[in-house]
Amino acid sequence: MECRVLSIQSHVVRGYVGNKSATFPLQVLGFEVDSINSVQFSNHTGYTHWKGQVLTAEELNVLYEGIKLNNVNHYDYILTGYTRDTSFLETVVDIVQELKRLNPKLVYVCDPVMGDQGSMYVPENILPVYRDQVVAVADILTPNQFEAELLTGRTISTEKDALDVMELLHQMGPDTVVLTSTDLTSPHGDQFLVALGSQKMVRTDGSKSTQKIRIEMPKVDAVFVGTGDLFTAMLLAWSHHHPNDLKAACEKTVSVLHHVIKRTITYANEMAGPGKRPNPAQLELRMVQSKKDIEDPDIVVEATIL
């Protein structure tokens, strides 16, 4: 059966971020992807210069109306990432609710992009929209630690805190929550980044269970853009293939990321030359070159069941 994703994210002409990070990998894995570009920029904003346009809530509605008028608004998944505008985000919620009425099995995968390392890089008035409207309709949620703290009003200092916060997020709506990055110390040392996941499941006999996992990723000393968008897209894909096994879905997701980042940093260092730090153009993800790793990743990172 054909599996179709509506992806509402940013778009860049040059490089990989938002829809550019998500579409190709999802297509490689067999998904049909319909993209709505929330912004269209020349390149990501980590460069010295960028130009482009921002889609308004009204323009989003017009595009969706066109899809609806042709009766081709049936989707299996919705995927959303970065947005700065409250009315745009509220329109996304309206679209999600309507598409869920048309297909009650639809899965909404949301990356609630708001900030990192203790600071927000979107307007503060977007937080209540995520907290009170978006999380309630999300099925898979992929915040980082800071975003999870914002959504729940709770601070994470220990692994137990993180598990409690994921439980609170479950109560707010989503059956699957993955904290894509945390400040927690890895048992293997500070060269590893700790991510945590929790998935609520209903067994065939009707009883309920929760799978909780920890996954540790080797850190790379460089600033990559678009990796979060790739993570969320791959979690969508591998959760589709492993619907009741968060451990397997996260292992494949993180392994894809590992291979793409490794290929990217190797290329960037070669381009920059000895002793020089790569620039943003050299650090653009080597996505097309990683096609085989996206399709069938060697599992290089294993998750621990908690």
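Me: What makes strand 2 and strand 3 count as a pair, and in which sense do they run?

Reply: Keep in mind that this is a predicted model. Strand 2 (residues 32-41) and strand 3 are joined over 3 bridges in the antiparallel sense. A pair needs at least two bridges, so these strands qualify. Across from Gly52 in strand 3 stands Phe41.

Me: Why is strand 3 called an edge strand?

Reply: The open sheet has 10 strands in the order 3-2-1-4-5-8-9-10-11-12, with mixed pairing. Strand 3 (52-54) and strand 12 (303-305) each pair on one side only, and they are the edge strands.

Me: Which strands does helix 6 lie across?

Reply: Helix 6 (residues 159-172) lies across strand 8 (140-141), strand 9 (176-179), strand 10 and strand 11 (208-218). The helix runs at about 40 degrees to strand 10.

Me: What makes the largest cavity a cavity, and what is its volume?

Reply: The 1.4 Å probe fits there but cannot get out, so the name is cavity. The volume of the largest cavity is about 50 Å³, and the structure holds 1 cavity of 30 Å³ or more. Among the residues lining the largest cavity are Ile8, Phe88 and Tyr130. Helix 3 (residues 86-102) gives the largest share of this lining, 3 residues.

Key. Residues are numbered from 1 along each chain as its sequence is written. This is a predicted model: local features need pLDDT of at least 70, side-chain atom pairs count only at pLDDT 80 or more; totals for chains, interfaces and linings use all residues. Side-chain values use heavy atoms; hydrogens and water are left out. On a 1 Å grid over the protein atoms alone, a cavity is a set of points where a 1.4 Å probe fits but cannot get out, and a pocket is an open set with protein on both sides within 12 Å along at least five of seven lines; lining residues have an atom within 4 Å of a point. Grid points are joined across faces, edges and corners, and a volume is the space filled by probe spheres set on the points. Helices (H or I, at least four residues) and strands (E, at least two) are DSSP runs, numbered from the N terminus. Contact means heavy atoms within 4.5 Å. Axes are lines fitted to C-alpha atoms, for helices over the stretch in contact, and angles run from 0 to 180 degrees between N-to-C directions.
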